[in-house]
Each structure stands twice: as C-alpha cells, then as structure tokens.
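Colleague: Before we go through the labels on this model one by one, could you show me the sequence and the coordinates?

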Amino acid sequence: MLCTMSAAAVAVWFGTVVTILSRSHADRNVYPSAGVLFVHVLEREYFKGEFPPYPKSGDASNDPITFNTNLMGYPDRPGWLRYIQRTPHSDGVLYGSPTADHVGKATVIEITAYNRRTFETARHNLVINIMATEEFPLPYQAEFYIKNMNVEEMLASEVLGDFLGAVKNVWQPERLNAINITSALDRGGRVPLPINNLKEGVYVMVGADVPFSSCLREVESPHNQLRCSQEMEPVISCDKKFRAQFHIDWCKISLVDINKVVPVYITRPDPGTGILPEYGEYNPPSESLKARDYFSDFLVTLAVPSAVALVLFFILGYTMCCRREGVIQLVHHSSIQKSSKELRSMSKNREISWPLSTLPVFNPVSGEVVPPIHPDNYETTSMPLMQTQTNLQNQITIPQQRPTGDNYVMSTFRRLEVNGIPEERKVAEALNL
C-alpha cells in the first residue's frame, strides 16, 4: 500500500505521525513568578488530537476526558499547586502561588489525560520554572471572600481581571497582583445545596504596594464590627463598585501589613542519640550477630509463678486439714450442710394438718351443726406449720341450757384468726346459774 502512494502523500503522512508523537512527548515550559498567582488551563481540545480516531460512530469532539497530575517521581503534586476539574466535559485547571523557596528549581508536572470513552491515555509534561521578582512580597495584602463564585469561575482570566480592576479602583495602588485563590471548601466551608444557583464561595488574596484605602478600613470601625457580631452586613461605601458582579462578605475581609508582622522562628530540637542524621543512610545490623536463647527465660517465667502457687496450696491444705482451727471449721461447715439437707427433705415430705376452720361447728344453743367456713377444696399449701393467735380482743358468750332445771351454763368462745381468717373456739364452761 505504501508503494502505491505518491511521494507527497507519504511526506504528509509521515509529518502527521511525527507531529502527533512530538505533541505527546514534548515538554511545555512555563515561567511563573514567586508570590504571584499561577494559573494553567488543561484544555481538552489540546489533548483530543493525541487520541487515535474512534472506529465507531460518535461525536469524538465531546469525549469525556479527565486529567491526573502529579510531580514527576511522586504520587501527588507539590504542596503549593492545586488542581480542579468540575466535570469530564470541562477543562482542568492547575493553580497556586509558588513561594521564594521554589525559585530556581524546575518543577516537572506529569499530566495524564484519560479518554473515558475509548480508554486511551496521553501524557504531557509541564515544566514550571519559578522566577524571582524584586517586588516580592508586596507589603500590603488583603483577602476578600466572594460568595457568588466558584473557584474555577474565579480562575478565568476575564473574571479575575474584572475583580482586580474593581479592587484597583478602590485601592488606587501602583502595583497590584493576585497572590492566591482558595476555595471556601478548603477553609472548612460546607458544600452548598443545589438550589437557587448557590455557589461554594472563594477567597481571593491580592497584594499592593500602598497602604489600605479608607474604604477598605471602614470594616474596622466599631459600628461595622458590632453589625458583624450581630450577623448583619456592614455599611461599606465602596461596596457598590463590586456589587454588580461580586458579592463580597465584608465581615470576612482580612487586611495584613506584613511590615508589622513579627516573624516567628521555630527552632528544631537537637536530635537525640537514637535519631539518624538528616541525610544519613540506614545501616542494618550485620549477619554475624549471635542468636539469643530464650529457653531459660521461658523456664523462669513459668517456674516462679508455679512454685509460688504450689507453696500457697500446701499452706492452705495444712491449715484446713491438720490444724485444730481448720478441722473445727470443716466440722462446722459439714454440720450446717447436713442440717440444711435434712430440713429440705423434711419440707418436701411434711403433711399439713387440716385447720380447725375446715371442721363442722356445733351450735350449743340450737343444737345444729354449722358447715365449715372453708370448703374441702380450700387451698392449704400455703398454710404454715405453726398456727398463731393474733387477735383475742373479741369474745362471744352464748347461754346454754342445762339438762335439768331452768339453769343455764354460759359458754365462752374466743374469736381467733388463723392465716387472717377469723375462728371461734370454745375455751371454758363456767358459772352455774
């Protein structure tokens, strides 16, 4: 097939292949300044040409593409560099603020693009060469909290330019730079509800070379501080210059003059004897170390507690079986146990006598027999062995006719109680009338 192609066609085909390979493996260099916000957009259109054409029908221009970024040789990015991509159909953004510690050090970021439809990947290296600036750091820094913006919206060059223009009109500095942008979620903010087009919020820090304007210092007045403590919006005269596009929470504004900030130096403690030097190498122990025998330690660990337990056992046995006090205690315990068993056996075999209330009662006046108070099927299992008299205050005297003559004999009955049930018993016969 290649032989039938013309020389021009072969040249075009070869040039296309070389171009694709060079775009896949070439390094891209950027030169941000220390102390100034760095923003790099990972455009989906840039990586689409590096994926082979999809053989099936479909809109290749709308393939979902995600990005993975990391420092070369490491699993994550540098601490000052952040990355965000809202959806697979939007561009990714690398942003952050490098410090003076990174000046002169080339930072190579590996960018891997994933086509979520074809599962193809493409890799690209981004070389960040951080440059030093004479105006770093700017002495006056102000941080604004914008409530109606997400971080990826604020990172757009047009939106960020409009915000810096509004700040410049209020502050009137000669040099003004955006220092850093941070999402409110990274400051402990909550994810907003997906209603009413709510935004996450974003913190924007800017720096200038002149002191803060009177408008920015209005938030420090006692009146506005009181309104902020009552969760009310302060009265700021220059708020109307931002209100058209940016809703600023003036209670969260931060004004810092780094000339008045006292630096804090944290000294590292001297390393102890067991800490290796900072750039030292670990030297493992040599293989010529003698093996330690732990058999004697094992015997000592078991023998000592066993001997102590055995001595205590013999002392207790001698005290309980050979000493008089111990024998007396054993006999006493045995007698108590025998008595308990005897009482249990007696309680099982005892027969409860029928209470007198269950027997017929003879009326001495009428001569008739009164049926018992309790029927035959009365439950007597709860009847105690000894029946006590608890109520003797009531006595009933019934006259009784004698067999001869008209004289009567008075019979005295006492009202008794057995198990809370009243009983009448004849206790005496006396007094011949």
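Modeller: In this predicted model, the charged end of Arg187 sits over the ring of Tyr203.

Colleague: What makes you say that Arg187 sits over the ring of Tyr203?

Modeller: The charged end of Arg187 is 4.4 Å from the centre of that ring, and the rule asks for CZ of Arg within 6 Å of the ring centre and within 35 degrees of the ring normal, so Arg187 is described as sitting over Tyr203. Lys252 is placed likewise over the face of Tyr145, at 4.6 Å from the ring centre, where the rule uses NZ of Lys with the 6 Å limit.

Colleague: Which residues form an aromatic cluster, and how many aromatic pairs are there?

Modeller: One cluster is formed by Phe144, Phe163, Phe242, Phe246 and Trp250, and the count of aromatic pairs comes to 13, where a pair requires ring centres within 6.5 Å.

Colleague: Why is Phe119 called exposed?

Modeller: Its relative accessible area is 67%, and exposed means over 50%, so the label applies to Phe119. Phe119 lies in the loop between β6 (106-115) and β7 (121-129), and its phi is near 60 degrees, a positive value in a residue other than glycine.

Colleague: What makes a positive phi worth a remark?

Modeller: Most residues other than glycine have a negative phi.

Colleague: Where is Glu231, and why is Glu231 called exposed?

Modeller: Glu231 is found in the loop between α5 (222-229) and α6 (240-243), with phi near 60 degrees, again a positive value. Because its relative accessible area is 76% and the cut-off is over 50%, Glu231 counts as exposed.

Conventions
Residues numbered from 1 in each chain as written. Predicted model: local features only at pLDDT ≥ 70, side-chain atom pairs only at ≥ 80, totals over all residues. Heavy atoms only, no water. Helix = DSSP H or I, 4+ residues; strand = E, 2+ residues; numbered from the N terminus. Buried < 20%, exposed > 50% of the residue type's maximum accessible area, 1.4 Å probe, protein only. Phe/Tyr/Trp six-rings, centres within 6.5 Å; stacked < 30°, edge-to-face > 60°.
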